Amino acid sequence: MYPTPGDVLTFLGDSGEGQDDAPITAHLNTAMQMVKAYTRGNGFDEFGPADDVAAVVVSCAARLYRNPTLDRTQTIGPFQTSPGIFQGWTLAELAILNNYRRRAL
C-alpha cells in the first residue's frame, strides 16, 4: 500500500487539521522515487512498496516536509554554514534499504 499524507503527519505527531496535503504529497512522490532508484525497484510490487520500504518513504518525506531546503544552518560567532542539499539516508533507513539494494551481479 502506498503511503499517504496522513501517514507522514502521523509520523510527525501532527493532527493535520486544516493543512494542505499538496506539499506532503509532493514530498512523498520525491521520497518514493528516491527510494525506488536506490533499491532499483526492489521492494515494490503492483500494490506499492513493502511495509518496511514504505516506512523509509514516510520517514524521508517527513524530513523533506519539515525542512524542504534541508537547511542545516549552523551559526558559530560571526560564521554561518548552510549546505542545503540532501545529505543522504539515515542509518535506520539504510538498514532497510540495503536489504533491497542489489549491489553486485
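**Figure 1. Accessible surface of the chain in the predicted model.** The accessible surface comes to about 6700 Å². Carbon and sulfur atoms account for 55% of this surface. Of the 105 residues in the chain, 30% are buried.

**Figure 2. Helices and strands along the chain.** Four helices and four strands are present. Their order along the sequence is α-α-β-β-α-β-β-α. Among contacts with a separation of 6 or more, 68% are between residues 24 or more positions apart.

Figure 3. Helix α4 covers residues 91-100 and includes Glu93. The relative accessible area of Glu93 is 2%; the cut-off for a buried residue is under 20%, so Glu93 counts as buried. A polar atom of the Glu93 side chain lies 3.0 Å from the backbone nitrogen of Thr90. With neighbours within four places in sequence left aside, Glu93 is in contact with Val56, Ser59, Cys60 and Arg63.

**Figure 4. The salt bridge between Arg63 and Glu93.** The structure holds one salt bridge. In the pair formed by Arg63 and Glu93, the closest N and O atoms are 2.6 Å apart. Arg63 is partly exposed, with a relative accessible area of 27%, whereas Glu93 is buried at 2%.

Key. Residues are numbered from 1 along each chain as its sequence is written. This is a predicted model: local features need pLDDT of at least 70, side-chain atom pairs count only at pLDDT 80 or more; totals for chains, interfaces and linings use all residues. Side-chain values use heavy atoms; hydrogens and water are left out. Helices (H or I, at least four residues) and strands (E, at least two) are DSSP runs, numbered from the N terminus. Buried means under 20% relative accessible area, exposed over 50%, partly exposed in between (1.4 Å probe, protein chains only). A polar contact is a pair of N or O atoms within 3.5 Å; within protein, one must be able to donate a hydrogen and the other to accept it, and residues adjacent in sequence count only if both atoms are side-chain atoms. Contact means heavy atoms within 4.5 Å. A salt bridge is a side-chain nitrogen of Lys or Arg within 4 Å of a carboxyl oxygen of Asp or Glu. Accessible areas come from the Shrake-Rupley method with a 1.4 Å probe; for residues, only the protein chains shown count as cover.
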